[in-house]
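Please read them beside the sequence and the structure.

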Amino acid sequence: MNLIKTLIPAAAVIALPQVGLAQETAASGETPQHTQYILTSLLFLMGGFLVFWMAAGFAMLEAGLVRSKNVTMQLTKNIALFSLAAIMYWLVGFNLMYPGDGWTITGFLGAFSPTVLEPVGLADTETDLSYASVGSDFFFQLMFCATTASIVSGTMAERVKLWPFLLFVVVLTGIIYPIEASWQWGGGWLSEMGFSDFAGSTLVHAAGGFAALAGAIVLGPRIGKFTKDGKVVPIPGSNLALATLGTFILWLGWFGFNGGSQLAMGTIGDMADISRIFANTNMAAAAGAVAALILTQVRFGKVDLTMTLNGALAGLVSITAEPLAPSLFQSLIIGGIGGVIVVFAVPMLDRMRIDDVVGAIPVHLIAGFWGTFIVAWTNSDASFVTQIIGFVAIGVFVFVVSYVLFTVIKSTVGLRVGEEEEINGLDMAELGMEAYPEFSKG
């Protein structure tokens, strides 16, 4: 008892300076710099966890929207592309995208060097506390890079060879994406011009859509997708339950995608902004789904689940360029129009005889343009003209480089499987195993 009586006053004496410091900090309204560093690093790690989970969403969505004979191939492509992206982004991508003062060509081409993390047991006096740890920043930004490649995978499904596709992924994640993203997020020429893309409607989604478009054109449509007289033959997916699960996983991951792009969590204002981003992101997704739900009923006489799922994703892509500034009502309008875009854009691509298996081009490219353009409606620092210039610049760069690369691959090692392999399914032709072996004739 005497010991307790002695310890309590001692503890009070020790705590008094800390209490005084806390009161002083609270009175000034400032968060200690090391606390901001810790919280922002934590935001990147948590946001990165969520965006990583989007890799599972893409895998499930694609597995559900391809035929059962091609499911294993899509799953293999998704885990392989993420793993390759992780290696390439470390090897060259991160510093190419964020060169700091090390531009090779100022504003246009970053630095070519591997990523180096802080030393073990870093002290607060050994680093810049104004931002976040290199490891957390690298981890978070890597997830965006991998997302770009996932978009291409779905469009080119059911007829592309595995290794040639992965060769393209290496170049996309190591070179193409980091270069165009550096023009904005790395402080390049688009950033200097005033282009605005908060979380990547253009830099990630439209870029992936442009690469997917180039791939679809070079690769050509699936056998039986279009008849000689121009009719479109629907090819249903194997598992709409998986596709729906994938959509919900992507929806969840998008909170990290957009919320983490606040790039700071050290103040009350940052925390309020992050929560605002979450609410706006959710509203846009819901509006996109409802818009597609209603419009397919009106246009086709019945609700189309796949259109509704893509409507939600288009709403998410549409709000990604500016999820902070809009009100909830404005987010509803932005996301709702994204859902409408999908319902009209999917048949438009079919009329152009472009075979996009999962609808990635309407969702990521066309809705990405809408989301990028409409930024100027809610963000007074942006202009419609500048938004268009930025979108076109990135689109031309990604499409042309991707088209050339796919053409070179096609003419050298080959890009597409043979007719017999495509008819029998890529699971057996490319991998020798099936996702649903009990349903096979063998």
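**Aromatic contacts and surface patches**

1. Phe-44, Tyr-131, Phe-140, Phe-144, Trp-185, Trp-254 and Phe-257 together make up one aromatic cluster. Rings of Phe, Tyr and Trp (its six-membered ring) are paired if their centres lie within 6.5 Å, and planes under 30 degrees apart count as stacked, over 60 as edge-to-face and the rest as tilted. The structure is a predicted model, in which local features need pLDDT of at least 70 and side-chain atom pairs count only at pLDDT 80 or more, while totals for chains, interfaces and linings use all residues. Residues are numbered from 1 along each chain as its sequence is written, and side-chain values use heavy atoms, with hydrogens and water left out.

2. The structure holds 23 aromatic pairs. One of them is the stacked pair of Phe-248 and Trp-251, with 6.1 Å centre to centre and 15° between the planes. These two residues are separated by about one helical turn, because they stand 3 residues apart in helix α8 (residues 240-259); helices are DSSP runs (H or I, at least four residues), numbered from the N terminus. Phe-248 counts as exposed at 52% relative accessibility, whereas Trp-251 counts as buried at 16%, where buried means under 20% relative accessible area, exposed over 50% and partly exposed in between (1.4 Å probe, protein chains only).

3. Phe-369 and Phe-391 form an edge-to-face pair, with 4.9 Å centre to centre and 65° between the planes. Because Phe-369 lies in helix α12 (residues 360-373) and Phe-391 in helix α14 (residues 384-412), the pair ties together parts that are 22 residues apart in sequence. Phe-369 is partly exposed at 32% relative accessibility, while Phe-391 is buried, with a relative accessible area of 7%.

4. Phe-369 also belongs to a nonpolar surface patch of about 530 Å², which it makes with Ile-388, Val-392, Val-396, Val-400, Val-404 and Val-408. Patches consist of residues with over 30% relative accessible area and no salt bridge, with like charges joined within 9 Å and nonpolar side chains (Val, Leu, Ile, Met, Phe, Trp, Tyr) within 5 Å; a salt bridge is a side-chain nitrogen of Lys or Arg within 4 Å of a carboxyl oxygen of Asp or Glu. Helix α14 gives the most to this nonpolar patch, with 6 residues. Val-400 is placed in helix α14 and is partly exposed, at 43% relative accessibility.

5. A patch of negative charge on the surface gathers Glu-419, Glu-420, Glu-421 and Glu-430. Its largest share, 3 residues, comes from helix α15 (residues 419-424). Glu-430 has its place in helix α16 (residues 426-431) and is partly exposed, with a relative accessible area of 32%.

Notes. Accessible areas come from the Shrake-Rupley method with a 1.4 Å probe; for residues, only the protein chains shown count as cover. Lys and Arg count as positive and Asp and Glu as negative; His and the chain ends are not counted. The place of a charge is taken as NZ of Lys, CZ of Arg, CG of Asp or CD of Glu.
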